[in-house]
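Me: I would like to go through a protein model with you. Could you show it, please?
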Amino acid sequence: MFARSHVLWLRRISFYDNVRYYAGVHQKNPKLQPATATVESIKARLASSSTPTAEEWKNIRLNILNERRFNVTNVDSVVLGLCPNLRMGQSYIAFLNQQGLQTNLAIVGKLLRLYRLKEGKLTEEDEADIWRMYSELREQNAVLDANTCEHAINALTLTKHWKHCLELLEMIKISGTPDSSSYNCIATRAFQTGDESTGWHMMQEMCENKRLPNDDSFLAWLDYSRRQADQDFHSNLERMLQFTNDRSIFLSKRVGTALLELPAEYGIRVQETRITDNGKCSSCKGSLSSIVVSEDMFQSLRDKFLKAVLINKEIFNRTTPEELNRFQTFLAKTLPYDVVIDGLNVAFSSGNQKSHTVYAQQVAAVVRHYVRHKKRVLVIGRKHMDKWRSKEMKYIRENSFLFLTDDLSQDDPFLLYAALESGPKTDFFSRDLMRKHSFLLGDELSSVFKRWQQEHQYSLLSIMPDGRVLIKAPFKYELYAHKSCDNRWHVPLVELGYRIPKVEKQNDWLCLGIE
């Protein structure tokens with residue numbers, strides 16, 4: 001428990017002169033970190049069950065001050081940021097108090113955030129301390145900076161005063177976008193207290209702002225749903241699963257474990273399963289839904305790709321209208337293609353320290369593979385590939401169409417534009433994830449682009465000594481949780497839900513039947 005005298009001390013030295021000012025004045029570089037060796041040494045000491053003595057805190061503080069980037073203004077915030085739990089943080093505050101060292105508002109923010117890391121359950125006095133510190137912050141500052149708001153949200157959502165976080169969220173939006181932690185803390189607390197509307201509003205808004213919901217938010221929704229005798233648990237569960245599909249989100253194995261442990265009386269049968277490359281479930285023997293990009297959606301994507309990506313002002317910084325005209329003229333003369341190959345992506349797939357001959361051999365091997373299958377091939381490259389004088393380059397020129405962009409141009413937009421212009425049956429060959437181009441299309445078309453990409457993107461695995469090419473084919477089925485016609489859901493799981501995984505078929509799935 002944080003002694004009340006320490007709270008009063010923080011009030012006294014943090015809010016001197018009764019002046020209203022910008023609360024983030026001492027947090028100009030919140031990501032400032034000491035050297036790795038210093039951090040590891042301090043973390044090792046603070047991982048101990050015993051709190052440091054005054055002499056040890058003094059040495060920790062001096063170790064950081066000895067680095068040129070730190071001074072008496074920011075050192076204490078850095079130390080608190082390294083504290084693994086509230087007990088250690090309060091011990092350091094007590095040390096500062098004993099030494100008569102002046103602190104600043106950055107420390108209040110860091111201390112507030114540490115309440116989320118308390119060992120054991122928060123007491124009523126802990127909640128009262130959080131509210132007192134937050135109240136003092138607001139009394140002295142008309143508007144808080146984003147960092148302080150985020151710290152306060154992490155603490156306030158542990159208390160009955162959590163709805164004040166909605167105002168803090170709006171403050172953050174003055175200068176930027178709230179982080180995932182802020183959204184998830186509010187969503188979790190909203191579900192815990194039965195405020196469905198606020199909880200789902202936070203979930204929707206964070207996804208719109210490219211933030212990821214975490215396990216706590218999903219688990220809080222499941223716990224809330226289990227407590228509601230007047231609501232259909234099946235509907236609430238399906239609402240959550242459909243949300244992950246609509247927003248292209250993977251659930252974590254932690255959430256998967258909670259689903260596996262649902263009591264039998266809920267009428268939901270959940271089993272761990274594997275999905276074959278042909279989209280078959282090893283548990284129910286059913287098939288995943290095929291991804292579908294309708295003719296209308298494809299046409300809309302093709303029509304808008306040129307303006308959104310290729311003529312985007314940022315791209316034109318690296319190409320020219322003349323080059324685009326040259327490319328469009330080339331396409332008009334050579335369309336259609338069965339596959340469009342990213343030449344440099346293939347060439348560098350075994351490393352970028354090889355000879356020009358090796359690069360050409362790589363590309364020629366892939367072209368040869370498709371030519372043997374009677375495919376019409378376009379290779380996109382850059383003009384410096386003209387220097388690759390070899391029989392392999394001669395083979396590429398004689399057996400495929402070759403377009404070389406300027407060396408300073410981006411070639412990915414040309415690759416994608418050619419594939420789209422060629423028609424809905426054309427594939428493309430590249431290891432690139434194409435995330436930047438997806439982003440430029442906006443939310444609605446981005447979803448269509450990702451489905452088209454998933455269906456048509458092939459990539460190189462390896463080239464055998466005999467010249468045979470091993471190719472990774474696309475997984476042409478739903479990647480996210482979805483429902484089949486027999487009232488059964490297939491749910492992919494990832495190790496950690498808060499990290500963006502590769503958009504590919506996951507190894508671990510749940511087969512979930514609703515009776």
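Me: How many positive and negative side chains does the protein chain have?
Reply: There are 70 positive and 62 negative side chains in the protein chain, and the centres of the two sets lie 5 Å apart. Lys and Arg count as positive and Asp and Glu as negative, while His and the chain ends are not counted. Each charge is placed at NZ of Lys, CZ of Arg, CG of Asp or CD of Glu. This is a predicted model, in which local features need pLDDT of at least 70 and side-chain atom pairs count only at pLDDT 80 or more, whereas totals for chains, interfaces and linings use all residues. Residues are numbered from 1 along each chain as its sequence is written, and side-chain values use heavy atoms, with hydrogens and water left out.

Me: What about helices and strands: how many does the protein chain have?
Reply: The protein chain has 23 helices and 11 strands. These are DSSP runs numbered from the N terminus: helices are H or I with at least four residues, strands E with at least two.

Me: Which strands form the open sheet, and in what order?
Reply: The order is β5-β4-β3-β6-β7-β8, six strands with mixed pairing. Two strands pair if DSSP finds at least two bridges between them. At the edges are β5 (401-405) and β8 (469-472), each of which pairs on one side only.

Me: And how do β7 and β8 pair?
Reply: Strand β7 (residues 457-463) pairs with β8 in the antiparallel sense, over four bridges. Ser-462 stands opposite Leu-470 in β8.

Me: Switching topic, where is Gln-362?
Reply: Gln-362 is part of helix α19 (residues 356-372). Gln-362 counts as buried because its relative accessibility is 13%. Buried means under 20% relative accessible area, exposed over 50%, and partly exposed in between, with a 1.4 Å probe and protein chains only.

Me: What is Gln-362 in contact with, beyond its neighbours within four places in sequence?
Reply: Leaving those neighbours aside, Gln-362 is in contact with Val-346, Ala-347, Ser-349, Ser-350, Leu-460 and Ile-463. Contact means heavy atoms within 4.5 Å.

Me: Which peptide bond is cis?
Reply: A cis peptide bond joins Leu-335 and Pro-336, with omega about 0°. Pro-336 sits in the loop between α17 and β3 (339-342).

Me: One last pair. Is Lys-285 buried or exposed? And Met-434, buried or exposed?
Reply: Lys-285 counts as exposed because its relative accessibility is 60%. Met-434, at 1% relative accessibility, counts as buried. Phi is positive in both residues, neither of them glycine: near 70° for Lys-285 and near 60° for Met-434.
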